[in-house]
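Subject: Structure handover

Hello,

Here is the structure I promised you. Please load it, then read the notes below alongside it.

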Amino acid sequence: MKPVIALVGRPNVGKSTLFNRLTRTRDALVADYPGLTRDRKYGDGRLGDYLYTVVDTGGIGENDDGIDAPMTEQSLLAVGEADLVLFLVDGRAGLTAADEQIAMELRKLPKPTYLVVNKTDGIDPDTAMADFYALGLSDVLPIAAAHGRGVRSMIEIILAAF
Ligand code: GDP
Ligand code: MG
């Protein structure tokens, strides 16, 4: 079976951009404003010898009750059905309260989770990553989804066990 990879993170960190790159489709809508992808979206992909299924999740930042929730119901469902989780953060914006809340939610869920620091194009990846070690996730990987930097080595690292 192909491993299922869930992409989670607050809006605008680049989940749909990474989904597109991993699946080489334009199916996931990428926008300059958050919250466009409201449902889970599935795509199959292949990189080198690795075959996988990716699940993109939208973030509307609040649940159906209109109460702010760190993770949407869709994100929680995606994590539940995934073999591993990529928790994306924005390496330019730095650590936010929403990132901390999502990290807290993810810690309750027994899934292999990698912290992926996106948007490291044109900045020093080590500096960009430094902020995020406070989240307590030991596996931190820098990428630039829009340009593909780090994406292949990320896949090789996360799928090595599958
Ligand atoms: P989502 O809300 O998490 O799905 O984020 P999107 O994929 O829609 O991306 C949000 C914005 O970040 C868009 O304007 C993207 O072009 C931009 N973006 C995504 N990846 C990168 C990247 O690697 N570098 C830079 N500089 N911008 C990116
Ligand atoms: Mg999106």
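Val-4 stands opposite Thr-53 of strand 3. The next residue along, Ile-5, has Val-54 as its bridge partner in strand 3. Strand 1 and strand 3 run parallel, and four bridges pair them. One caution before going on: this is a predicted model.

Strand 1 also pairs with strand 4. That pairing is parallel too, again with four bridges. Leu-7 is placed opposite Leu-86 of strand 4. Strand 1 is mostly covered, with four of its five residues buried.

Strand 3 has a further partner, strand 2. These two are antiparallel and share seven bridges. Gly-45 faces Tyr-52 of strand 3 across the pairing. Strand 2 and strand 3 form a hairpin with two residues between the strands. Gly-48 in that hairpin has a positive phi near 60°.

Overall layout

The protein has five helices and six strands. Along the sequence their order is β-α-β-β-α-β-α-β-α-β-α. The chain runs to 162 residues, and 40% of them count as buried. Take the contacts with a separation of 6 or more: 63% of them join residues 24 or more positions apart.

Core

Which residues touch the most other members of the largest nonpolar core? They are Ala-6, Leu-7, Val-8, Phe-87 and Val-116, out of 35 residues in that core. Several elements give two or more residues to this core: strand 1, helix 1 (15-23), strand 3, helix 2, strand 4, helix 3 (97-107), strand 5 (113-118) and helix 5 (151-158). Strand 4 gives the most, with five residues. As a general point, nonpolar side chains in soluble globular proteins tend to be buried together.

Leaving aside neighbours within four places in sequence, Val-8 is in contact with Thr-57, Met-71, Ser-75, Ala-78, Val-79, Val-85, Phe-87 and Ile-102.

Helix 2

Helix 2 covers residues 73-81, and its buried residues are Gln-74, Ser-75, Ala-78 and Val-79. Why do they sit on the same side of helix 2? They cover an arc of only 135° around the axis, which puts them on the same side. The general rule behind such patterns is that an α-helix has 3.6 residues a turn, so residues three or four places apart point the same way. What covers the buried residues of helix 2 includes strand 1 (4-8), strand 3 (50-56) and strand 4 (84-90).

Helix 5

Met-154, Ile-155 and Ile-158 are buried in helix 5. Viewed down the axis of helix 5, its buried residues fall within an arc of 95°, so they line one face of the helix. What do the buried residues of helix 5 pack against? The list is strand 2 (41-47), strand 3, strand 4, strand 5 and strand 6 (140-142).

Best wishes

How values were computed. Residues numbered from 1 in each chain as written. Chains lettered and ligands numbered in written order. Predicted model: local features only at pLDDT ≥ 70, side-chain atom pairs only at ≥ 80, totals over all residues. Buried ≥ 20, exposed ≤ 12 C-beta atoms within 10 Å, placed from the backbone. Arc of directions from axis to C-beta. Contact = placed C-beta atoms within 7 Å. Pairing = 2+ DSSP bridges. Core = buried A, V, L, I, M, F, W, Y, C linked by C-beta atoms within 7 Å.
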